[in-house]
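Dear colleague,

I am handing over the structure below, and after it you will find some notes on what was found.

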Amino acid sequence: MHMSLVCLAKPVLYGYFRSSCSWRVRIAFALKGVEYDQVPVNLIKDGGQQLTEQYKTRNPMQQVPAVEVDGVTLSQSLAVIQYIDETRPGPRLLPADPKKRAQVRMISDLIASGIQPLQVSNYDRQVRWPLESILKQTSGKYCVGDEISMADICLVPQVYNAERFKVDVGQYPTIKRLNQTLLEIEAFKVSHPSCQPDTPAELRT
């Protein structure tokens, strides 16, 4: 009975409106139709609220997001997305087909581990995305075939960041096409950084 009550509680997302990792989790919740609460963690204010001792108890890595769900606290956006996919009904975020599932994980890992650190550190504004050539092979309507997956969830926030850092996304026609298609989907719209509880007034649209 106790576990059932825990599972009925709304998940709580500790995140930042502009964090691509937080945005990934928001997209996943939206695609699955999961209601959740948000607790903003401002990465700039007061030297970074994620660096406080209070937040460190939730995520020892002192990063966002952290998600309280089903009685546990999870961090690392890809792990959170896969947990949501495995425990909530709704559209699959990882394909049933093993080969397609491996492709989704390959693309997601490339974005999360290969591209994002370069962008966040501003190490290379004109990073050459090997992603473009991979997506030419794997994509249909979406990143892998014609079903939305975790790969799409990772792609859109990264393109947003690339455009913020003045990367000419037009160099990557497959990425540009996929991003434009995905941004028309409601789950990507409602989770956008421009309309979150902690979005500054001047950045709201």
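Among contacts (heavy atoms within 4.5 Å) between residues at least 6 apart in sequence, 67% join residues at least 24 apart. Please note that this is a predicted model, in which local features need pLDDT of at least 70 and side-chain atom pairs count only at pLDDT 80 or more, while totals for chains, interfaces and linings use all residues. Residues are numbered from 1 along each chain as its sequence is written, and side-chain values use heavy atoms, with hydrogens and water left out.

The protein has nine helices and four strands, these being DSSP runs (helices H or I of at least four residues, strands E of at least two) numbered from the N terminus. Of its 205 residues, 47% count as buried, that is, under 20% relative accessible area with a 1.4 Å probe and protein chains only.

Helix α4 (residues 77–87) packs against helix α7 (residues 150–164) at an angle of about 140°, and their axes, lines fitted to C-alpha atoms over the stretch in contact, with angles running from 0 to 180 degrees between N-to-C directions, lie 11 Å apart. The contact is made by Leu78, Ile81 and Gln82 of α4 together with Met150, Ile153 and Cys154 of α7.

Leaving aside residues up to four places away in sequence, Ser191 touches Trp23, Arg26, Ile27 and Gln196.

Definitions and conventions:
Buried means under 20% relative accessible area, exposed over 50%, partly exposed in between (1.4 Å probe, protein chains only).
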